[in-house]
Amino acid sequence: MEYKISEIAKMFGTSSEGIRFFEKKGLLKGQRTENEYRIYEDRDIFSLIQCLSYSKLGFTLNEAKAIFFEDQIAAVQKRFETKIQETQKNMSHELAILNCLQGRQRAIEQAILNQNRVIIEHLPTRYFIDIEPSYPGANMSTSKRKDHNNKRKIAFDLLPAGEQALRFAYDSKAGTYDARERGFSIYEQHVQSFHITIPPDAICYPEGIYATCSVNVGINAMEYDFLEFILKKLSSEHLTPIGDLIVIYTCFSFCENEHQRYCTLMVPIEK
């Protein structure tokens, strides 16, 4: 059976120009009549259907054409195997992104719901990766801080999975917090999902019981103000910190009339 280009276009829900595009790509081959009209046969429709179905599975049109005209079935199998592996990898990445999105959404909801309240939580393992060296005296003024040039390069693969964080180092002998590092906090479950290489000097915070507290510090407060705030909260709740205090930046909102900066403070406590 023979078909005009307009009939083929109607079948596939496209225009005559669209069919000519497919023809230029080599996905179908028409023949010209004596009147210079393009005529297509059933085999043209079949080849176009097959090639477009492959393209809907993620192959490019060139790849789809190569599969359709491939004379070695083993080569076709190899192309499908490669595409399956690519798709599985993309799915894993998308699921990891979804997990992070849901986690961030829950964190914002909890930050607003539990603002200024101490919550006792069982948290999974996470890492802290610093991007600048610590300095003594977290309570020193900005003008007195040392100028640090030896900063770690920020890895782009940390950005979707990690959250901006501050670490106040805990001196177990003195029972004080006297140093600070700026970096990223990342859950162990996301390390493998995003194929992140954890630096050897990253600090691991194992799964355990933590006291958390969410605060909206606006724009004028300094990071070290958080420290006194959470310690007073813990003392009022008769909770004893036993490790580093981490400040996670949950949500930023710098609008013209109001600045909101929600942070979640976490510190391991005695069970």
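User: Is Ser47 buried or exposed?
Analyst: Ser47 counts as buried, because its relative accessibility is 6% and the cut-off for buried is under 20%. This is a predicted model, so that value is computed from predicted coordinates.

User: Which element is Ser47 in?
Analyst: Ser47 lies in helix 3, which spans residues 42-56.

User: What does Ser47 touch, leaving aside neighbours within four places in sequence?
Analyst: Ser47 is in contact with Leu27, Leu28 and Phe68 when those neighbours are left aside.

User: And which backbone oxygen lies 2.9 Å from a polar atom of its side chain?
Analyst: That is the backbone oxygen of Asp44.

User: Asp44 again, then. Which residues line the largest cavity?
Analyst: The lining consists of Lys29, Gly30, Gln31, Ile39, Tyr40, Glu41, Arg43 and Asp44. Strand 3 and helix 3 are the elements that give two or more residues to it. Strand 3 gives the most, with three residues.

User: What is the volume of that cavity?
Analyst: About 40 Å³. The count of cavities of 30 Å³ or more comes to one.

User: How do the residues of its lining divide?
Analyst: Into two nonpolar, two polar and four charged.

User: Moving to helix 2. Which of its residues are buried?
Analyst: Helix 2 covers residues 16-24, and Gly18, Ile19, Phe22 and Glu23 are buried there. These four cover an arc of only 145° around the axis, which puts them on the same side of helix 2.

User: Why would residues three or four places apart point the same way?
Analyst: Because an α-helix has 3.6 residues a turn.

User: Which residues are exposed on the other side of helix 2?
Analyst: Glu17 and Lys24 are exposed there.

User: What covers the buried side?
Analyst: The cover of the buried residues of helix 2 includes helix 1 (5-11), strand 3 (38-41), helix 3 and helix 4 (61-68).

User: What happens just after helix 2?
Analyst: Gly26 takes a positive phi there, of about 85°.

User: Which residues other than glycine have a positive phi?
Analyst: His195 is one of them, with a phi of about 55°. His238 is another, with phi near 60°.

User: Where do those two sit?
Analyst: His195 is in the loop between helix 6 and strand 9 (203-205). His238 is in the loop between helix 7 (224-236) and strand 11.

User: Buried or exposed, for each?
Analyst: His195 counts as exposed, because its relative accessibility is 62%. His238 is exposed too, with a relative accessible area of 74%.

User: How many residues line it, and which lie nearest its centre?
Analyst: The lining has 29 residues, and Gly103, Arg106, Ala107, Arg126 and Tyr187 lie nearest the centre. They divide, over the whole lining, into twelve nonpolar, eleven polar and six charged.

User: Which element gives the largest share?
Analyst: Helix 5, with seven residues. Elements that each supply at least two residues include strand 4 (118-123), strand 8 (176-187) and strand 12 (259-268).

User: Strand 11 next. Is Ile246 buried or exposed?
Analyst: Ile246 lies in strand 11, residues 245-254. Ile246 counts as buried, because its relative accessibility is 3%.

User: What does Ile246 touch, not counting residues up to four places away in sequence?
Analyst: Its contacts are Phe128, Ala165, Leu166, Arg167, Tyr205, Thr264, Leu265 and Met266. Leu166 is 80 residues from Ile246 along the chain, and their C-alpha atoms are separated by 5.7 Å.

User: Where is Ala161?
Analyst: Ala161 is in the loop between strand 6 (135-136) and strand 7 (163-171). Ala161 is buried, with a relative accessible area of 7%.

User: What is Ala161 in contact with, apart from neighbours within four places?
Analyst: Cys100, Arg104, Ser185, Ile186, His190, Phe194 and Ile196.

User: Last one, on the chain overall: how many helices and strands?
Analyst: Seven helices and twelve strands. Of the 271 residues in the chain, 37% are buried. Among contacts with a separation of 6 or more, 68% are between residues 24 or more positions apart.

Key:
Residues numbered from 1 in each chain as written. Predicted model: local features only at pLDDT ≥ 70, side-chain atom pairs only at ≥ 80, totals over all residues. Heavy atoms only, no water. Buried < 20%, exposed > 50% of the residue type's maximum accessible area, 1.4 Å probe, protein only. Arc of directions from axis to C-beta. Contact = heavy atoms within 4.5 Å. Polar contact = N/O pair within 3.5 Å; in protein donor to acceptor, adjacent residues only side chain to side chain. 1 Å grid on protein atoms, 1.4 Å probe; cavity = no way out; pocket = protein on both sides within 12 Å on 5 of 7 lines; lining within 4 Å. Points joined across faces, edges and corners; volume = space filled by probe spheres on them. Nonpolar A, V, L, I, M, F, W, Y, C, P; charged D, E, K, R; others polar.
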